[in-house]
Amino acid sequence: MRMVFRWFGEGNDTVSLDQIRQIPGVEGIVWALHDVPVGEEWPMERIQEIRKQADVYGLHLDVVESVNVHEDIKLGLPSRDHYIANYIRTIEKLAEVGVKVICYNFMPVFDWVRTDLHRASGDGSTALFFEKARIDGIDPMELVRSIHDNSALTMPGWEPERLNHLSSLFEAYRNVTEEDLWNNLEYFLSAVIPAAEQCGIRMAIHPDDPPWPIFGLPRIITSQDHIRRFLNLYNSPSNSITLCSGSLGANPDNDIIAMIHEFHLRIPFTHIRNVRVFDNGDFIETSHRTQDGSVDIAGIVKAYNDNGFNGYCRPDHGRHIWGEECRPGYGLYDRALGIMYLWGVWDAAQRAKTENQKEASAV
Ligand code: DNO
């Protein structure tokens, strides 16, 4: 398992590269050019800039999260070919600086959604929270209005330019079914995966967060069956997944350990985090520790270890603790604690495996 840490870039993150390199076992950053508008080709000079910054601290750039997919591609509009061509050129440039994995998602309009970014957890810390009834009960047009009068829900994964086009986007998606979205995803893969194969890049789709349709928009990367269907759309190591335990774990029907056993060869990158899911479908993000949430993090790490996982792993969102002010979910302290928990479980699993092997060969 190769540990990496998300970094949003100079001036865009409260955590510094100098801090990141001091977290035990962290070898690289998970990065992106967050200010390049979705659909545009990434400029090489900007990519090189990040390369230079990371080099100073001996951190690698192997994992990019995300190169976002333009809505016209998800909608299957004729203009998609232009955006796909740009996407491919970005893949080729990233390969030139040594990138190995590109994480992306195929969620219509919204990336990850929460209703509260600073929910008090009772011990002085705060965390990201999702109130299901609040999202389920929202009429999309009411959402558009509330965003315009500033009483909006909090959309941490949003590119601001999407906000201005919200009503027309909802309109455009009105007749797009789940099957249409599958077809549009397949079209995208059939163009992009051969290019990724050629330059040795593994494209790794991120599951939908939360893993069910919201605001009447389809969402398809939500379960083990759907991930299997996704992988079968294009059978290649370059068509792979970012297995995110927190996103999938918001639905208690998802058996993440079973997914690791089934898909591990197609998981070059994993996000590991815990959530506590309540009976009414709400969830709060907790510390990474197994006992603190509903997801069996120790079992997940062991499943990776059992399968000899050698992909990249990042702790995912953390709580906001010790008074830290940071990007929601992306502080230093709780994610660093998360890493130490993940290493602890990993090392214990590794040791048990080695000892079992020794015993077996001694018999
Ligand atoms: C949230 C992240 C997501 C993720 C994208 C991947 O913190 O896990 O925003 O980066 O969905 O494309």
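W31 is buried, with a relative accessible area of 1%. The model that contains this residue is predicted. W42 is likewise buried, at a relative accessible area of 4%.

**Aromatic pairs**

The structure holds 12 aromatic pairs. In one of them, W31 and W42 form a tilted arrangement, with 6.0 Å from centre to centre and 55° between the planes. W31 belongs to strand β2 (residues 26–31) and W42 to the loop between β2 and α2 (44–56), so the pair ties together parts that are 11 residues apart in sequence.

W112 and Y330 also form an aromatic pair, in this case edge-to-face, with 6.5 Å between centres and 85° between the planes. Because W112 lies in the loop between β4 and β5 (116–120) and Y330 in the loop between β12 (312–315) and α14 (333–362), this pair ties together parts that are 218 residues apart in sequence. W112 and Y330 are both buried. A further aromatic group is the cluster formed by Y87, Y104, F106 and F188.

**The ligand site**

| Residue (side-chain polar atom) | Distance to a ligand oxygen atom |
|---|---|
| D111 | 2.9 Å |
| H317 | 2.4 Å |

Taken alone, the ligand exposes 330 Å², of which the protein buries 98%.

Y104, a member of the aromatic cluster, lies in strand β4 (residues 101–104). Within this strand, V101 and C103 point one way, whereas I102 and Y104 point the other way. In a regular strand the side chains alternate between the two faces of the sheet. The four residues V101, I102, C103 and Y104 are all buried.

Strand β4 pairs with two strands, β3 and β7. With strand β3 (residues 60–65) the pairing is parallel and runs over three bridges; V63 has V101 of β4 as its bridge partner. With strand β7 (residues 202–205) the pairing is again parallel, over four bridges, and I102 stands opposite M203 in β7.

Conventions
Residues are numbered from 1 along each chain as its sequence is written. This is a predicted model: local features need pLDDT of at least 70, side-chain atom pairs count only at pLDDT 80 or more; totals for chains, interfaces and linings use all residues. Side-chain values use heavy atoms; hydrogens and water are left out. A polar contact is a pair of N or O atoms within 3.5 Å; within protein, one must be able to donate a hydrogen and the other to accept it, and residues adjacent in sequence count only if both atoms are side-chain atoms. Accessible areas come from the Shrake-Rupley method with a 1.4 Å probe; for residues, only the protein chains shown count as cover. Buried means under 20% relative accessible area, exposed over 50%, partly exposed in between (1.4 Å probe, protein chains only). Two strands pair if DSSP finds at least two bridges between them. Rings of Phe, Tyr and Trp (its six-membered ring) pair if their centres lie within 6.5 Å; planes under 30 degrees apart count as stacked, over 60 as edge-to-face and the rest as tilted.
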